[in-house]
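Visitor: Please show me the model, and then let us go through part of it by question and answer.

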Amino acid sequence: MNRQWLKNLTSDDKRHAMPIMTTPGFSLIGVKAGDVFLSGETQFRAVKTIVERFPATAAALTMMDLSVEAEAFGAEVRFNEHDNPDIVKPALNDLSDADTLKIPEVGSHRTGQVLLAARRCAAEISDRPTLGGLIGPFSLSGRLIDMSKMMLATMTEPEAVHRLLEKTTAFLIEYAKAFKETGCHGLIMAEPAAGLISPKMAEEFSYRYIRRIVDAVKDENFVFVLHNCGQTEKMIPQMLDTGASALHLGNAIIMTNVLGQVPETIPVMGNIDPSSVFLMGTPELVYQKTEELLNATAKFPHFVLSSGCDIPAGTPLDNLRAFFDALEAFNASKA
């Protein structure tokens with residue numbers, strides 16, 4: 001299914017779309033964000049409802065909650081009524097604590113709920129692939145110690161950073177394998193912190209570790225989508241070298257500057273601004289920006305329309321409809 005799914009994304013006459021829009025499903029099932037992130041069953045209901053409401057989306061995505069893995073390592077999390085959870089206390093005071101840091105069991109804390117949601121989605125949503133969501137190793141490590149400390153340490157204590165990355169990568173490999181065992185069809189890994197550093201540093205502290213995770217799980221039936229919402233225009237070769245099946249890019253870049261760097265067999269997804277356009281814009285603005293992006297990327301068959309990152313909870317459903325209306329009109333004009 002997934003090999004053909006990837007082929008369809010890049011070879012169909014029509015343009016496909018895969019926005020990251022699970023959190024708007026909260027309002028559709030009438031629950032608050034804090035309740036969703038604690039319950040895998042509720043996460044499944046939100047995902048199932050959103051893909052039923054918007055059937056043109058190419059895959060079902062589990063929640064993009066980048067606090068789950070850090071919480072499993074011991075970080076303190078605050079749950080919000082209307083938004084994703086926040087890390088309020090890192091697991092480590094400084095990098096010296098990383099040497100005694102225990103790697104958590106997969107399934108502990110809320111990772112078990114995320115895996116439950118993935119299992120339920122894979123079993124109940126049969127008309128499109130289910131992709132599980134997890135954080136990347138550099139972004140996770142930064143959340144365990146505080147990102148500003150992590151950034152400084154890449155220059156002052158690189159060997160200690162690598163020791164921490166070995167532990168986060170070991171956990172993420174097992175977590176990725178657990179997603180695969182749920183029956184879901186692939187993963188989308190969010191590594192936003194790699195966009196904060198140079199391409200050379202990103203290769204050293206992020207992509208070399210992601211490559212190990214990709215190697216552990218990717219096969220012809222299990223896809224791996226790598227997401228980075230930062231300034232990625234100069235690090236596309238490193239991202240491709242991870243072996244990822246597809247790239248998902250944020251609105252910090254100009255999509256047409258990237259598409260020519262990527263082979264046409266590899267989907268490139270993005271990148272309508274999730275905040276200023278989807279959340280705060282009008283349906284007319286969403287339609288306009290979507291239409292402009294589709295027209296600008298029309299000559300690239302491997303472009304897949306998406307949001308630049310996860311669309312926030314509270315985004316008006318009319319704005320999501322405008323996104324898909326623009327997609328439908330574009331495809332009709334090319335028929």
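Guide: Contact here means heavy atoms within 4.5 Å. Helices (H or I, at least four residues) and strands (E, at least two) are DSSP runs, numbered from the N terminus. This is a predicted model, in which local features need pLDDT of at least 70, side-chain atom pairs count only at pLDDT 80 or more, and totals for chains, interfaces and linings use all residues. Residues are numbered from 1 along each chain as its sequence is written, and side-chain values use heavy atoms, with hydrogens and water left out.

Visitor: Which residues in α8 do those of α7 meet?
Guide: On the α7 side, the residues are Phe138, Ser139, Ser141, Gly142, Arg143 and Ile145. The residues of this contact divide into 5 nonpolar, 4 polar and 2 charged (Ala, Val, Leu, Ile, Met, Phe, Trp, Tyr, Cys and Pro count as nonpolar, Asp, Glu, Lys and Arg as charged, and the others, Gly among them, as polar). Their partners in α8 are Met147, Lys149, Met150, Met151 and Thr154.

Visitor: At roughly what angle do the axes of α7 and α8 cross?
Guide: Two packed helices are described by the angle between their axes and the distance between the axes. Axes are lines fitted to C-alpha atoms, for helices over the stretch in contact, and angles run from 0 to 180 degrees between N-to-C directions. Helix α7 covers residues 137-145 and helix α8 residues 147-156; their axes come within 6 Å and cross at roughly 115°.

Visitor: How many of the residues of α7 are buried?
Guide: Buried means under 20% relative accessible area, exposed over 50%, partly exposed in between (1.4 Å probe, protein chains only). Among the buried residues of α7 are Pro137, Leu140 and Leu144, and the buried residues pack against elements including β4 (130-135) and α9 (158-181). The helix is mostly covered, and the count is 8 of its 9 residues.

Visitor: Is Thr154 buried or exposed?
Guide: Thr154 sits in helix α8. Leaving aside neighbours within four places in sequence, Thr154 is in contact with Phe138, Val161, Met201 and Phe205. Because its relative accessibility is 6%, Thr154 counts as buried.

Visitor: Which backbone oxygen lies 2.6 Å from a polar atom of the side chain of Thr154?
Guide: A polar contact is a pair of N or O atoms within 3.5 Å; within protein, one must be able to donate a hydrogen and the other to accept it, and residues adjacent in sequence count only if both atoms are side-chain atoms. At 2.6 Å from the polar side-chain atom of Thr154, the backbone oxygen is that of Met151.
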